[in-house]
Amino acid sequence: MHLDFHVSGIPKAQPRVKAFRRGNHAGVYTPDSADAWKQAVRQEATANAPESLITGPIRLQLDFFLPRPKAHLDKHGWPKPKSPVWHPKKPDLDNLIKAVTDAITDTQRVWFDDSQVYQITATKTYALQHSGCSVRINAD
C-alpha cells in the first residue's frame, strides 16, 4: 500500500522547546512558528488518508521545495544558469522531517505513531515554481 500527496506552502521546521521562568516558577513551551505549516500537512494527510490506519512498518519519502532567494532569479523570475538546485541553508532537514511526521501522527488517520517509520529518504531543494513538500508513504 502506498499513499502520495503534496502539501503546498513554505515548509517550516519543528521549533525547539523553549524554557522560561516567571518568578519562582519555571516551565517550557513550543513556539508556534510552524503551526500553520503543520496544519496544512494535517489537512492534506487527512484528505488522503487510507481507509484504515497503517499498522506495520513504513518507508517514508519527503521532498521539500523551498523558495529561491531573489539573487538566484533572472529578470523574468526563472533560475539563473548555474544557480544551485540543493538548499544547503536553514531550516535543517531533520527539523523539517520532524514537523511533517509529527503533523501526520497528530491526524490519527494515517498511522499510529511515527515510530513505525523505519526508513526515511528526504531532499531539500530550491523550488522551480511552488514551494511545498511531496510526501510518499509506503507500508510494507
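User: Which residues does Trp111 touch in this predicted model, leaving out those up to four places away in sequence?

Analyst: In this predicted model, Trp111 lies in the loop between helix 2 (93–107) and strand 5 (117–126). Not counting residues up to four places away in sequence, Trp111 touches Leu53, Ile54, Ile58, Leu60, Thr101, Ile104, Thr105, Gln116, Val117 and Ile137.

User: Is Trp111 buried or exposed?

Analyst: A residue is called buried when its relative accessible area is under 20%. Because the relative accessibility of Trp111 is 1%, this residue counts as buried.

User: How many Å apart in space are Trp111 and Leu53, C-alpha to C-alpha?

Analyst: Leu53 is among the residues that Trp111 touches. Although 58 residues separate Trp111 and Leu53 in sequence, their C-alpha to C-alpha distance in space is 5.1 Å.

User: Which residue in strand 6 stands opposite Leu3?

Analyst: Leu3 belongs to the covered face of strand 1 (residues 2–8), together with Phe5 and Val7. Strand 1 is joined by 7 bridges to strand 6 (residues 132–139), and the two run antiparallel. Within strand 6, the residue opposite Leu3 is Ile137.

User: What is the nearest side chain of opposite charge to Asp63, and how many Å away is it?

Analyst: Asp63 lies in strand 4 (residues 58–66), where this residue is buried yet has no salt bridge. Its side chain does make polar contacts, with the side chain of Gln61 at 3.1 Å and with that of Thr123 at 2.6 Å. A salt bridge would need a separation within 4 Å, whereas the nearest side chain of opposite charge is 8.0 Å away and belongs to Arg136.

How values were computed
Residues numbered from 1 in each chain as written. Predicted model: local features only at pLDDT ≥ 70, side-chain atom pairs only at ≥ 80, totals over all residues. Heavy atoms only, no water. Helix = DSSP H or I, 4+ residues; strand = E, 2+ residues; numbered from the N terminus. Buried < 20%, exposed > 50% of the residue type's maximum accessible area, 1.4 Å probe, protein only. Lys, Arg positive; Asp, Glu negative; His and termini not counted. Polar contact = N/O pair within 3.5 Å; in protein donor to acceptor, adjacent residues only side chain to side chain. Pairing = 2+ DSSP bridges. Contact = heavy atoms within 4.5 Å.
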